[in-house]
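Please look over the sequence and the structure below before reading on.

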Amino acid sequence: MSATSPPETNAPSRKAPLAARLTDSLRRRLTKLVVLGALAGGLGVAGSAEARVMEATRHLPQKGIVVIGDDPGGYIDTRLEQIRRLRQTNQPVQIRGSYCNSTCTMFIGLPNACVEPQTEFGFHGPSYSGRRMPRAEFDHWSRIMAAHYPAQVADWFMETARKRIRGLHTLRGDKLIRMGVARCPRATVTAGR
């Protein structure tokens with residue numbers, strides 16, 4: 001990997017099954033966008049960093065609530081561009097679903113982000129696809145990741161989670177809420193829809 005291309009995080013290869021189940025009519029009726037890890041770029045997207053970023057950000061809605069769910073993570077450069085665009089639009093971001101791993105966790109530092117208590121968040125330090133990087137690069141990318149977390153989470157990440165580059169340190173959303181991340185409002189289900 002070249003010096004100008006940020007490292008890939010060590011994301012698991014789980015794929016969210018939701019995309020395959022959504023029908024076109026249901027997609028049109030949704031007022032919010034579920035940003036899935038598979039759509040968010042970084043995993044299985046060939047090409048340059050610029051191509052990954054373009055692919056990832058074209059799926060972000062221009063307004064409304066952004067719902068992120070079952071996101072395995074991806075490349076740091078891609079995630080940074082998504083976060084930049086979400087900051088520009090000041091859209092609410094709800095992190096729901098079973099898991100949010102790797103670079104997905106960086107969304108929790110957005111000013112309008114919230115998490116569900118039962119969602120599992122998987123953290124690890126930056127790497128070159130699971131391989132250690134030189135100390136200066138590791139520290140640089142660790143600081144960039146930590147800058148996207150609330151203070152208490154950033155401290156924990158720098159002290160503990162970043163030291164793991166294979167596997168994940170997991171925290172549930174309820175723990176992140178106790179560490180200063182906002183809790184998402186309870187989802188409501190309308191009968192017959």
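**Overview**

Of the 193 residues of the chain, 48% count as buried, where buried means under 20% relative accessible area, exposed means over 50% and partly exposed lies in between, with a 1.4 Å probe and protein chains only. This is a predicted model, in which local features need pLDDT of at least 70 and side-chain atom pairs count only at pLDDT 80 or more, while totals for chains, interfaces and linings use all residues. Residues are numbered from 1 along each chain as its sequence is written, and side-chain values use heavy atoms, with hydrogens and water left out.

**The chain as a whole**

- The secondary structure comes to seven helices and six strands, which are DSSP runs numbered from the N terminus (helices: H or I, at least four residues; strands: E, at least two).
- Along the sequence, these elements follow the pattern α-α-β-α-β-α-β-β-β-α-α-β-α.
- Among contacts with a separation of 6 or more, 72% are between residues 24 or more positions apart, a contact being heavy atoms within 4.5 Å.
- The chain exposes about 10,000 Å², and carbon and sulfur atoms supply 52% of that area, as computed by the Shrake-Rupley method with a 1.4 Å probe.

**Strands and their pairing**

- Strand β2, residues 66-71, is mostly covered, since six of its six residues are buried.
- β2 pairs with strand β3 (residues 93-101) in the parallel sense over five bridges, where pairing requires that DSSP finds at least two bridges between the two strands; within this pair, G69 stands opposite R96 in β3.
- Between β2 and β3 the chain passes through helix α4 (residues 76-89), and this β-α-β crossover is right-handed, which means that, with the strands pointing away from the viewer, the path from the first strand over the helix to the second runs clockwise.
- β3 also pairs with β5 in the parallel sense, over three bridges, and here N101 stands opposite G122 in β5.
- β5 and β6, by contrast, run antiparallel and are joined by four bridges, with F121 standing opposite L171 in β6.

- The 12 residues of α5 should span 16 Å at 1.5 Å a residue, which agrees with end C-alpha atoms 16 Å apart.
- In α5, the residues F138, D139, W141, S142, M145 and A146 are buried, and what covers the buried residues of this helix includes α4 and α6.

**Aromatic rings**

- The structure holds three aromatic pairs, where rings of Phe, Tyr and Trp (its six-membered ring) pair if their centres lie within 6.5 Å, and planes under 30 degrees apart count as stacked, over 60 as edge-to-face and the rest as tilted.
- The rings of F123 and Y149 have centres 5.5 Å apart and planes at 70°, so this pair is edge-to-face.
- Because F123 lies in strand β5 (residues 120-123) and Y149 in the loop between α5 (135-146) and α6, the pair ties together parts that are 26 residues apart in sequence; both F123 and Y149 are buried.
- Y149 and F157 have ring centres 5.3 Å apart and planes at 65°, so this pair is edge-to-face as well, and F157, like Y149, is buried.
- Ring pairs link F123, Y149, W156 and F157 into a cluster.

**A loop residue, L168**

- L168 is found in the loop between α6 (151-159) and β6 (169-172), and it counts as partly exposed at 23% relative accessibility.
- Although L168 and F121 are 47 residues apart in sequence, their C-alpha atoms are 8.8 Å apart in space.
- Leaving aside neighbours within four places in sequence, L168 is in contact with N101, G122, F123 and H124.

**Positive phi angles**

- D70, a residue of strand β2, has a positive phi near 50° and is buried, with a relative accessible area of 19%.
- S129, in the loop between β5 and α5, also has a positive phi near 50°, but S129 is partly exposed, with a relative accessible area of 41%.

Note on methods. Expected span 1.5 Å × (residues − 1).
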